[in-house]
Amino acid sequence: MPLYAHSISGFDAEFWECLPDHLARVARRSHCFASVFGWGEAGRAAALLHDIGKVSDLYQAYLFKPRDLAGNAKGPDHSTAGARAAVEVYRGPLGRMLAFLIAGHHAGLADGRKLDDRLAESYRIEPFAGWQTQTGELPASLVPNRRPQTSRHPGFGQAFLTRMLFSCLVDADFLETERFYAEAAREPVERDGFTPLTELRERLRRHMAGLRSEGTDAVQTLRAEVLRHAIGKAAAAPGLFTLTVPTGGGKTLASLSFALEHALTHGMRRVIYVIPFTSIIEQTADIFRRALGTRDDVLEHHASFDWETARQLAEDDEGRDGLAKLRRASENWAAPVVVTTAVQFFESLFANRTSRCRKLHNIAGSVIVLDEAQTLPLHLLRPCMAALEELAHNYGASVVLCTATQPALRAKDGFGGGFDIDEDRELAPDPKALFAALKRVEVERRPGPVTDGEIVARFAEQPQMLCVVNSRAHARGLFEAIRHLPGATHLSTLMCPKHRRRVLEEVRARLRAGEPVRLVSTSLIEAGVDIDLPEVWRAAAGLDSIIQAAGRCNRHGKLAMGRVVVFEPAEAKPPHAREQFWQAARPVLDRSEDPLTLEAIHAYFSTLYWQKGTQALDFATVDEQAGGILRAIHERAADFDFPFRSIAEAFRLIEDAMASVIVPFDEEAEALLREIAAMERPLASQMRRLQQYVVSIPRSARGEWLRLGALKSVHPALGEELLAFGDRAQYDKETGLRLEQILFRDAESNIFP
């Protein structure tokens, strides 16, 4: 009698998926995925063993239970068996590595102690004798086809490899499960018919050749030189690069052009563009879509949510039909161009859950452009740097640190343990000369605390002006004070992405027409937003933030010189998390004639990074012990006892407890929510579209709105993990969600023009 991996409700067993077939199919995919970085046989071995626990009589009986008795209830443990077989067949560190993958292929990579509990004889599981007849012959050796480069952090390479192989296994398992059920239901599987990189490169070349950017002839000439020089470096060997270009120097499309040329020169697979903030991801993705003449080839993946149930699912919770696995579907970054956030990118690299890890193997063999590299968080800087080095050294990736304020992370800059990047790996032509040539503003520091009244008075005098502040509450309060002035506009992350994009389009149209624009914004406007005003005020912040704000002033060089004013707000001091950045920036501003030079930037980061010490740049609590992530890995490397789950919980780029909610901002959003609610299983494409209506709010506010019934689940499979407002009562058409008035409603709020 055949043994089965998956059943289908309402179908005879002859239509079910046989276990040997499932193991073989997953093994082929996993081997293919892992071969990209040289570990194909390990990927194949893990896949062949991952479901052997399903040979047990109890599991097979579970598959045959009538649906009204079995439902989607948790089945018998079937992953521990494969973990035990792995350590018995392969022994040593490699066997233990496979055991981590197999034991966690539903519940996620566990801490070493948890794995030991499951491998112990005292942990009872169903007998799985005879599994060899299902797997066929296992690989005799797992040795990679090329020798990995040793990490400077003991154990880090081994832990990273475990997570990458885990990605190969879980993505292969998901894709094969999806394929089986789709074929059984005679439904199309969402397949990736992407445009080849060669065609995307040709489209980008044509776009760049015909581009007539805004700005003076001198600015356009410099942008063209940046592009030419970056493309000229495409033949350089893969690895680590820098691209240091002042704001307005055209680095976004120059970096994309380099990435595509470099990828095709070296047989690489995709471009991954990492954006610091969710607030500008849609703008960058739209720029790329226009430049590449495509929509489907550019994946826009926010950190706001994944298509998954984020609840901690029970061990081995696959469900009788395997459908729970499909409900946990998530992005796997198979697109040729991926635009994502730093939170999504780095937290995935240190994740343990299947949904977050699934995409990791597709980062291998990619060109990774880290936009605004200076925004890497201080408390996790060294683990982030270690991950980037690992990708460049052992996974065939190239990493471009792309910024106007290069954060001096190179060893040659004196950063202890910094990146080994020589001058010839700089993609921009003579950055120092570029900064001098592209100087378009004068920066002045306003003495003493500045009141909101003084800022309002300046807004009244200056019809085109931007003021950037440090909190959403301050932005809203200042906007309310200037609301009566012509062209008064507000921008913050309390507005959903589609709303923000609409506002920016309106602002640009008014600027082109010479009309008043009085804009109050949070820092979301600083990173890459293409907007040009004659005067910008920036509340106390780090020098990198001040320089980014200055990039919105006289951006295209149409004035002799723009004006940037740095001030300390009287009513709103810098948030605690930003205070250290202002403390490092203040002395540089005091002693520098021009704080927008490479020398001033170097001095700023010298204060911010170098004097903090190693421990402060890896400041996380892992497994109830302080000391950082790299130390936790080092201390457990000898026994291959890595605390994967504890590391994932400790690695949080954004420490504030925020939650995502969906706003039915317009009729398109309402129709999309109805469409998703009617589906048995929402499609990834629908969830991508839904990202345009996400707003992140404090969990306390989310809980209160949920209690009041204002928030409802988007889809039953997602439960309370993804909620949407039933109407627009709490959403202001100019400022977004009204966090301060949770109980407020009025009829006018439901009407949008």
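Biologist: What share of the 753 residues in the protein chain do buried residues make up?

Modeller: Buried residues account for 61% of the 753 residues in the protein chain. The model is a predicted one, and a residue counts as buried when its relative accessible area is under 20%.

Biologist: What makes the protein chain as compact as a globular protein of its length?

Modeller: First, the secondary structure comes to 29 helices and 22 strands. The radius of gyration is 27 Å, and the globule rule gives 27 Å for 753 residues; the two values are close, so the chain is as compact as a globular protein of that length. Along the principal axes, the C-alpha trace spans about 85 × 60 × 50 Å. Of the contacts between residues at least 6 apart in sequence, 77% join residues at least 24 apart.

Biologist: Why is Gly-53 called buried?

Modeller: Gly-53 has 4% relative accessibility, and the cut-off for buried is under 20%, so Gly-53 counts as buried. Gly-53 sits in the loop between H2 and helix H3 (57–64). Not counting residues up to four places away in sequence, Gly-53 touches Tyr-59, His-78 and Ala-81.

Biologist: What makes the buried residues of H1 line one face of the helix?

Modeller: The buried residues of H1 are Leu-19, His-22, Leu-23, Val-26, Ala-27, Ser-30, Phe-33 and Ala-34. Seen down the axis of H1, they fall within an arc of 130°, so they line one face. Among the elements covering them are strand E1 (4–6), helix H2 (40–49) and helix H9 (156–184).

Biologist: How do you know that the span of H1 is close to the one expected?

Modeller: Helix H1 (residues 19–35) has 17 residues and reaches 24 Å from its first C-alpha to its last, while 24 Å is expected at 1.5 Å a residue.

Biologist: Which residues are buried in helix H25, and where do they fall, seen down its axis?

Modeller: In helix H25 (residues 629–636), the buried residues are Ile-629, Leu-630, Ala-632, Ile-633 and Arg-636. Their arc, seen down the axis of H25, is within 165°, so they line one face of the helix. Their cover includes H9, H17 and helix H26 (644–650).

Biologist: In what order do the six strands of the open sheet stand, and why is one side of E3 and of E5 left without a neighbour?

Modeller: The order is E3-E8-E7-E4-E6-E5, with parallel pairing. Strand E3 (240–244) and strand E5 (298–301) stand at the edges with a single partner strand each, so one side of each has no neighbour in the sheet. On average, neighbouring strands of this sheet are turned by 20° against each other, direction ignored.

Biologist: How do you know that E5 pairs with strand E6?

Modeller: At least two bridges are required for pairing; four join E5 to strand E6 (residues 337–341), and the two run parallel. Val-298 stands opposite Val-337 in E6.

Biologist: What lies across these strands?

Modeller: Helix H15 (residues 342–349) lies across E4, E5, E6 and E7, at about 90° to E6. Helix H17 (residues 381–394) lies across E3, E7 and E8, at about 120° to E3.

Key: Residues are numbered from 1 along each chain as its sequence is written. This is a predicted model: local features need pLDDT of at least 70, side-chain atom pairs count only at pLDDT 80 or more; totals for chains, interfaces and linings use all residues. Side-chain values use heavy atoms; hydrogens and water are left out. Axes are lines fitted to C-alpha atoms, for helices over the stretch in contact, and angles run from 0 to 180 degrees between N-to-C directions. Contact means heavy atoms within 4.5 Å. The expected span of a helix is 1.5 Å times one less than its number of residues. Buried means under 20% relative accessible area, exposed over 50%, partly exposed in between (1.4 Å probe, protein chains only). The arc is that of the directions from the helix axis to the C-beta atoms. The radius of gyration is taken over C-alpha atoms; the globule rule is 2.2 Å times the number of residues to the power 0.38.
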